[in-house]
Amino acid sequence: MLELNKQYNFKIKDVGMNFEGIAKSDDGLTVFVPGALKDEEVNAKIIKLNKNYALGDLKEIKEDMEQTMKLSIAMNDNPIKNTIGQRLIRAVVRALSPML
């Protein structure tokens, strides 16, 4: 069970309509993490908690760059371009979050 002001690791499964990452806690609670992208593993501090959902403050992105590059190469894609694109998207989402 999640606790307020504690940090947890999450696997982001989806992205919401406000571009926040969406994960599930071990007990099935939906956790929204602004600034997180789909398929990232992140560490977030729970800053809001109620019976239907929790809101996490992104503290760390735990990326396995080696795995990302292997996957990109296997898909004949450019891993450098993808990484830069992800960083750009994250920066834009973080900049717009206070306005949403």
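Two strands pair if DSSP finds at least two bridges between them. This idea is needed for several of the close-up views below, all of which show a predicted model.

**View 1. The protein as a whole, before the close-ups.**
The predicted model contains two helices and six strands, and reading along the sequence gives the pattern β-β-β-β-β-β-α-α. Buried residues make up 29% of the 100 residues in the protein, while the accessible surface comes to about 6900 Å², with 56% of that surface belonging to carbon and sulfur atoms. Among the contacts with a separation of 6 or more, 42% are between residues 24 or more positions apart.

**View 2. Strand β5 with its partners β1 and β6.**
Strand β1, which covers residues 7-11, pairs with β5 in the antiparallel sense, and five bridges hold this pairing in the model. Within this view, phenylalanine 10 stands opposite valine 42 of β5. Strand β5 is also joined to strand β6, residues 53-62, by eight bridges, and these two strands likewise run antiparallel. Here lysine 45 has aspartate 57 of β6 as its bridge partner.

Asparagine 43 lies in strand β5, which spans residues 41-49. Is asparagine 43 buried or exposed? Its relative accessibility is 9%, and because buried means under 20% relative accessible area, asparagine 43 counts as buried. The side chain of asparagine 43 makes a polar contact with the side chain of asparagine 9, at 3.0 Å. When neighbours within four places in sequence are left aside, the residues in contact with asparagine 43 include Gln7, Tyr8 and Asn9, and also Asp57, Leu58, Lys59, Glu60 and Lys62.

**View 3. The salt bridges.**
How many salt bridges does a search of the whole structure find? The search finds three. In one of them, the side chains of lysine 59 and aspartate 57 meet at 3.0 Å, N to O; lysine 59 is partly exposed with a relative accessible area of 44%, and aspartate 57 is partly exposed with 32%. In another, the side chains of lysine 62 and glutamate 60 meet at 3.9 Å, N to O, where lysine 62 is partly exposed at 37% and glutamate 60 is partly exposed at 40%. There is also a salt bridge between the side chains of glutamate 3 and lysine 6, at 3.9 Å, N to O. Glutamate 3 counts as partly exposed, at 42% relative accessibility, and lysine 6 counts as partly exposed, at 42% relative accessibility.

**View 4. The aromatic pairs.**
The structure holds two aromatic pairs. Tyrosine 8 and phenylalanine 10 form a pair that is tilted, with 6.3 Å from centre to centre and 50° between the planes. Phenylalanine 10 is buried, its relative accessible area being 5%. In the pair of phenylalanine 32 and tyrosine 53, the ring centres are 5.8 Å apart and the planes stand at 70°, so this pair is edge-to-face. The pair links distant parts of the chain, since phenylalanine 32 belongs to strand β4 (residues 30-34) and tyrosine 53 to strand β6, and the two are 21 residues apart. Phenylalanine 32 is partly exposed, with a relative accessible area of 24%, and tyrosine 53 is partly exposed, with a relative accessible area of 27%.

**View 5. Serine 25 in its loop.**
Where is serine 25 found? Serine 25 sits in the loop between β3 (20-24) and β4. With a relative accessible area of 8%, serine 25 is buried. Once its neighbours within four places in sequence are left aside, serine 25 is in contact with Leu2, Phe10 and Val31. Phenylalanine 10, one of these contacts of serine 25, is the residue that also stands opposite valine 42 in β5 and forms the tilted aromatic pair with tyrosine 8.

Technical notes:
Residues are numbered from 1 along each chain as its sequence is written. This is a predicted model: local features need pLDDT of at least 70, side-chain atom pairs count only at pLDDT 80 or more; totals for chains, interfaces and linings use all residues. Side-chain values use heavy atoms; hydrogens and water are left out. Helices (H or I, at least four residues) and strands (E, at least two) are DSSP runs, numbered from the N terminus. Buried means under 20% relative accessible area, exposed over 50%, partly exposed in between (1.4 Å probe, protein chains only). A polar contact is a pair of N or O atoms within 3.5 Å; within protein, one must be able to donate a hydrogen and the other to accept it, and residues adjacent in sequence count only if both atoms are side-chain atoms. Contact means heavy atoms within 4.5 Å. Accessible areas come from the Shrake-Rupley method with a 1.4 Å probe; for residues, only the protein chains shown count as cover. A salt bridge is a side-chain nitrogen of Lys or Arg within 4 Å of a carboxyl oxygen of Asp or Glu. Rings of Phe, Tyr and Trp (its six-membered ring) pair if their centres lie within 6.5 Å; planes under 30 degrees apart count as stacked, over 60 as edge-to-face and the rest as tilted.
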